[in-house]
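Subject: Structure handover

Hello,

Here is the structure I promised to pass on. Please open it first, then read my notes below.

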Amino acid sequence: MNTLGIPLDYGTARGLPPQAEATLLVSIASNPDGREISLEPAAAAAWARMRDAAAADGLSLVAISGFRSVKRQDEIIRGRLSKGEKINTILRTMAAPGYSEHHTGRAIDLGAPGEPLLSESFALTGEYSWLVDHAHEYGFRLSYPRDNPHGIAFEPWHWCFEGV
Ligand SMILES: [Zn+2]
């Protein structure tokens with residue numbers, strides 16, 4: 001039963017396909033609050049190559065989050081609802097449980113040293129400019145550019161591995 005107030009036609013209306021949970025994960029880092037960050041193996045290997053290439057160009061890409069279970073997505077949304085946020089507002093910045101690319105272990109949220117986490121200001125960093133120019137060489141694409149058709153806000157930090 002859908003107890004979050006998510007419209008029944010959410011996936012089709014937003015053009016967001018259901019995303020299956022990864023079955024095989026490898027740890028790539030710990031985030032600042034100590035939570036383990038994992039990706040599926042091919043994405044993890046591509047991420048390591050991309051991070052090292054950026055470092056060779058003098059830029060520090062920092063992993064902020066990777067795999068997230070359907071259950072965890074549900075918990076996060078419930079937490080925000082309990083603080084009084086409206087579901088439509090939440091769904092501007094998060095996919096509904098079952099529709100997040102983070103479930104697949106192929107999506108990674110990235111930041112740069114000294115930058116606020118998951119902020120549109122990441123788009124002003126050299127790290128972001130580097131990603132725009134080079135991420136595709138490592139099989140990553142920006143999932144939610146400005147004015148994307150999915151009704152999700154511009155997320156310059158969210159990159160998804162789709163292979164090269
Ligand atoms: Zn993300």
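Is Phe 161 buried or exposed? Phe 161 is buried, with a relative accessible area of 11%. Buried means under 20% relative accessible area, exposed means over 50%, and partly exposed lies in between (1.4 Å probe, protein chains only).

Some ground rules. This is a predicted model, so local features need pLDDT of at least 70 and side-chain atom pairs count only at pLDDT 80 or more, while totals for chains, interfaces and linings use all residues. Residues are numbered from 1 along each chain as its sequence is written, and side-chain values use heavy atoms, with hydrogens and water left out.

The sheet

Helices (H or I, at least four residues) and strands (E, at least two) are DSSP runs, numbered from the N terminus. Four strands make an open sheet, in the order S3-S4-S6-S5. Their pairing is antiparallel. Two strands pair if DSSP finds at least two bridges between them. At the edges sit strand S3 (62–65) and S5, each pairing on one side only. From one strand to the next, the twist averages 45°. Helix H2 packs on this sheet and touches S3, S4, S5 and S6. The direction of H2 makes about 80° with that of S5. For such angles, axes are lines fitted to C-alpha atoms (for helices over the stretch in contact), and values run from 0 to 180 degrees between N-to-C directions. S5 and S6 pair over three antiparallel bridges. Leu 142 has Trp 159 in S6 as its bridge partner.

The zinc site

The zinc ion has three named protein donors: His 102 (NE2), Asp 109 (OD) and His 158 (ND1). They lie 2.0 Å from the ion. Donors are N, O and S atoms within 2.8 Å of the metal (3.2 Å for Na, K and Ca); water is not among the atoms, so sites may look incomplete. His 102 lies in the loop between helix H4 (87–93) and S4, and His 158 in strand S6, so the pair ties together parts that are 56 residues apart in sequence. Both His 102 and His 158 are buried.

Helix H5

H5 covers residues 126–134. Its buried residues are Glu 127, Tyr 128, Trp 130 and Leu 131. Down the helix axis they fall within an arc of 160°, so they line one face of H5. That arc is taken from the directions from the helix axis to the C-beta atoms. Their cover includes helix H2 (41–56) and strands S4 (107–111), S5 (140–142) and S6 (158–161). Contact here means heavy atoms within 4.5 Å.

Aromatic pairs

The whole structure holds six aromatic pairs. Rings of Phe, Tyr and Trp (its six-membered ring) pair if their centres lie within 6.5 Å; planes under 30 degrees apart count as stacked, over 60 as edge-to-face and the rest as tilted. Tyr 128 and Phe 154 are edge-to-face, 6.3 Å centre to centre with 80° between the planes. Tyr 128 lies in H5 and Phe 154 in the loop between S5 and S6, so this pair ties together parts that are 26 residues apart in sequence. Phe 140 and Phe 161 form a tilted pair, at 5.4 Å and 55°. Phe 140 is buried too, with a relative accessible area of 2%.

One backbone detail

Asp 147 has a phi near 55°, a positive value in a residue other than glycine. Asp 147 sits in the loop between S5 and S6. At 79% relative accessibility, Asp 147 counts as exposed.

Best wishes
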